[in-house]
Amino acid sequence: MMGSYFTPDTYANEHSACAARLAAGLCADLSSAIMSGRVNNGFALVRPPGHHAGVKQAMGFCLHNNAAVAALAAQGANAKKVLIVDWDVHHGNGTQEIFEENKSVLYISLHRHEGGTFYPGTGAADEVGIMGAEGYCVNVPWKCAGVGDNDYLFAFEHIVLPIALTFAPDLTIISAGFDAARGDPLGCCDVTPAGFAQMTQMLTAVSSGKLLVILEGGYNLRSISSSATAVIKVLLGEYPANEAKGIYPSKAGLETVLEVLKIQMRFWPNLEDILTRLQSEWAFVSLGNLSLYFIICQGDQSKTYMKNVLTLPSGFSFFLYSLYLMVSPPLIGYPINGF
Ligand SMILES: [Zn+2]
């Protein structure tokens with residue numbers, strides 16, 4: 001069996017072209033089947049993955065861009081607008097390149113970025129689309145490894161869903177890499193099967209449940225299988241065990257979400273109120289090397305945000321607790337009335 005390389009990380013042998021065509025073709029068929037109403041949703045368990053493959057080049061294990069082929073197939077089956085949500089830990093530079101001038105396909109990616117030092121280096125928050133399609137590319141670039149359920153769900157609640165519901169697509173495609181999953185040796189992040197299930201559940205509210213999930217990256221077979229199983233259960237109608245509530249992002253995660261909101265609210269005006277609300281509810285400071293969180297609550301909001309922490313008296317209250325105990329009772333927690 002002879003092998004060769006398109007790029008140093010994209011190998012191929014005599015069977016690769018056939019495998020890549022089968023993968024892309026399956027995604028196209030599934031997309032058409034969903035649009036025709038023959039099925040409600042679908043999961044394409046395919047290899048090779050696709051989201052790094054661009055207009056002209058194979059790259060990053062990807063030969064054909066399966067999600068892009070599926071989106072175009074959907075449009076051939078009367079979908080006017082298609083949303084692609086990419087939660088692979090790497091930015092889908094190929095998908096972005098293919099659709100960055102296209103207002104009929106909205107691309108939203110959440111990925112490690114770290115100032116462009118994480119593969120493939122693209123996907124900064126200010127990459128928003130070009131040539132009149134500004135705002136139809138939304139990048140949520142994490143600043144560091146270790147990102148988990150809370151940061152993803154926080155971004156879904158405040159960025160992904162508000163934009164997706166405004167866009168109102170006819171079909172939603174998930175570029176579902178599971179390399180942000182807990183245990184993945186390349187992604188080094190911490191999304192659990194429950195987290196993936198909740199993100200899937202949130203996207204069922206978009207495009208009347210017309211949802212196509214396409215496998216992308218993932219390098220821990222146990223993590224991939226448990227995560228994919230959790231997603232498929234949601235597609236089959238099972239409601240996730242843990243409802244997404246009481247979400248406390250990391251400091252870096254919150255900073256990223258605020259940065260994206262500031263950039264994208266130029267194109268999605270409904271984000272402005274969300275940004276204003278988050279800025280009034282959350283503030284943070286760094287004291288030397290010690291990062292501390294402040295949550296500012298007022299009146300009834302305190303009941304929502306402090307439910308798992310303390311019950312507050314009415315009026316302004318001020319809370320301070322350790323970044324590293326976000327899901328636990330506060331290290332220090334005291335109300336300062338009249339603040
Ligand atoms: Zn990946």
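1. A word on terms before we start: helices (H or I, at least four residues) and strands (E, at least two) are DSSP runs, numbered from the N terminus. With those terms, the protein has 9 helices and 11 strands. Residue numbers start from 1 along each chain as its sequence is written. Please keep in mind that this is a predicted model, where local features need pLDDT of at least 70, side-chain atom pairs count only at pLDDT 80 or more, and totals for chains, interfaces and linings use all residues.

2. On confidence: pLDDT is the predictor's confidence in each residue, from 0 to 100. The mean pLDDT of the protein is 85, and 81% of its residues reach 70 or more. The stretch to treat with care is residues 285-339, where the pLDDT is below 50. Beyond near neighbours in sequence, this stretch has 73 contacts in the model, a contact being two residues whose C-beta atoms, placed from the backbone, lie within 7 Å. Where pLDDT is low, the predicted coordinates should not be read in detail.

3. Now the overall picture. Of the 339 residues of the protein, 45% count as buried. Here a residue is buried if 20 or more other C-beta atoms lie within 10 Å of its own, exposed if 12 or fewer, and partly exposed in between, with C-beta atoms placed from the backbone. Among contacts between residues at least 6 apart in sequence, 68% join residues at least 24 apart.

4. β3 is joined to β8 (residues 211-215) by 4 bridges, and Ala44 has Ile214 in β8 as its bridge partner.

5. How much of β6 is covered? It is mostly covered, as 6 of its 6 residues are buried. In a regular strand the side chains alternate between the two faces of the sheet. From β6, Cys137, Asn139 and Pro141 point one way, while Val138, Val140 and Trp142 point the other way, and all are buried.

6. On the α1 side, the residues are Ala23, Ala24, Cys27, Ala28, Ser31, Ser32 and Met35, and they meet Asn66, Val69, Ala70, Ala73 and Ala74 in α2. By class, this contact has 9 nonpolar, 3 polar and no charged residues. Ala, Val, Leu, Ile, Met, Phe, Trp, Tyr, Cys and Pro count as nonpolar, Asp, Glu, Lys and Arg as charged, and the others, Gly among them, as polar.

7. Within α4, do click on Ala164. Ala164 counts as buried because 22 other C-beta atoms lie within 10 Å. Leaving aside neighbours within four places in sequence, Ala164 is in contact with Leu83 and Val206. Ala164 and Leu203 are 39 residues apart in sequence and 8.6 Å apart in space, C-alpha to C-alpha.

8. Finally, some loop geometry to check by eye. The peptide bond from Arg47 to Pro48 is cis, with omega near 0 degrees, and Pro48 lies in the loop between β3 and α2. The bond from Tyr119 to Pro120 is cis as well, with omega near 0 degrees; Pro120 is in the loop between β5 and β6. Met131, found in the loop between β5 and β6, has a positive phi of about 55 degrees although it is not a glycine. Met131 is exposed because 9 other C-beta atoms lie within 10 Å.

Terms used:
Pairing = 2+ DSSP bridges.
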